[in-house]
Amino acid sequence: MPPNTVYILSENLDRTVQKWLDTKGFTTEYFSQVDDFIAQADLTQPNCVLMQLNGSVQHYAKAIRQLTVQHSPMQAVIIESHDTLFSEQYSSTCSSLPFIDLPPDLIALETAVTRAFQHGAEKQQMNAMARIYCHEFTARELEIAQQLAKKKTIADIAQYLFLSPTTVEKYVCRIKEKTACQTIDALLALLVDYPPESVMPRETHL
């Protein structure tokens with residue numbers, strides 16, 4: 001399903017939330033079981049999943065763990081009673097989760113869903129850049145990209161890597177091609193927003 005989809009993971013979604021969804025232009029898809037959601041939902045898209053699992057904190061943890069394991073850009077918003085979700089036993093596990101207390105504040109709900117889509121889009125772009133860094137960059141290109149992300153100049157990088165400026169410029173051209181950046185300014189902005197990870201790509205040739 002395309003982005004702008006709200007998945008609902010609940011056996012009995014709060015009526016106020018359901019009415020709110022009915023007034024919005026979201027594409028919706030409903031699941032009652034975590035396993036079905038994980039197996040059938042399109043986890044590759046930066047969508048949002050609203051979860052209301054009637055106090056089953058382990059179920060929330062299971063769903064979010066699966067999203068994390070699969071590096072999914074989908075973002076979760078949990079609708080649950082504060083006392084249930086933040087009970088003493090689970091307070092350390094749940095305190096960082098995106099959460100709407102019951103009865104739901106619709107302004108807070110809309111804000112949370114909007115942020116979920118925004119964060120999902122950012123996560124999707126981050127995943128795409130990570131794949132490029134790991135699987136398309138050579139070791140030298142990654143090294144130069146890391147220096148560019150630190151706002152080093154061509155001359156600085158050449159001196160640091162004991163290369164000529166002309167050689168560094170050739171590498172920068174390859175990096176621009178692989179990231180589909182038309183200009184050096186666009187490349188620098190991309191690398192600052194999504195800094196190259198300190199990992200070795202599969203191909204380690206220079």
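Two residues are said to be in contact when heavy atoms of theirs lie within 4.5 Å. On that basis, among contacts between residues at least 6 apart in the sequence of the protein chain, 66% join residues at least 24 apart.

**Figure 1. Overview of the predicted model.** The structure shown is a predicted model. The protein chain contains 10 helices and five strands. Of its 206 residues, 39% are buried.

Figure 2. Isoleucine 144 has contacts with Ile157, Leu161, Tyr171, Val172 and Ile175, when neighbours within four places in sequence are left aside.

**Figure 3. The packing of helix 7 against helix 10.** The axes of helix 7 and helix 10 are 8 Å apart, and the two helices pack at an angle of about 90°. Helix 7 is therefore roughly perpendicular to helix 10, because angles of 65 to 115 degrees are placed in that class. On the side of helix 7, Ala145, Leu148 and Ala149 take part, and they meet Leu187, Leu188, Leu191 and Val192 in helix 10. The contact of helix 7 with helix 10 has seven nonpolar residues, no polar residues and no charged residues.

**Figure 4. The packing of helix 8 against helix 9.** Helix 8 (residues 154-161) and helix 9 (residues 165-179) have axes 9 Å apart and pack at an angle of about 110°. Helix 8 is thus roughly perpendicular to helix 9. Ile154, Ile157 and Ala158 of helix 8 make the contact with Pro165, Val168, Glu169 and Val172 of helix 9. By class, the residues of this contact are six nonpolar, no polar and one charged. Ile157 and Val172 are also among the residues that isoleucine 144 contacts.

Figure 5. Serine 72 is located in the loop between helix 3 (57-69) and strand 4 (75-79). Its relative accessible area is 3%. Serine 72 is therefore buried, because that term applies to values under 20%. A polar atom of the side chain of serine 72 lies 2.5 Å from the backbone oxygen of leucine 43. Not counting residues up to four places away in sequence, serine 72 touches Leu43, Leu67 and Lys123.

**Figure 6. The surroundings of tyrosine 30.** Tyrosine 30 belongs to strand 2 (residues 27-31). With a relative accessible area of 41%, tyrosine 30 is partly exposed. The side chain of tyrosine 30 makes a polar contact of 2.8 Å with the side chain of glutamine 18. When neighbours within four places in sequence are left aside, the contacts of tyrosine 30 are with Ile8, Leu13, Gln18 and Leu21. Alanine 41 is 11 residues from tyrosine 30 along the chain, and the C-alpha atoms of these two residues are separated by 9.6 Å.

Methods: Residues numbered from 1 in each chain as written. Predicted model: local features only at pLDDT ≥ 70, side-chain atom pairs only at ≥ 80, totals over all residues. Heavy atoms only, no water. Helix = DSSP H or I, 4+ residues; strand = E, 2+ residues; numbered from the N terminus. Buried < 20%, exposed > 50% of the residue type's maximum accessible area, 1.4 Å probe, protein only. Polar contact = N/O pair within 3.5 Å; in protein donor to acceptor, adjacent residues only side chain to side chain. Axes fitted to C-alpha atoms, helices over the stretch in contact; angles between N-to-C directions. Parallel < 35°, antiparallel > 145°, perpendicular 65-115°, else oblique. Nonpolar A, V, L, I, M, F, W, Y, C, P; charged D, E, K, R; others polar.
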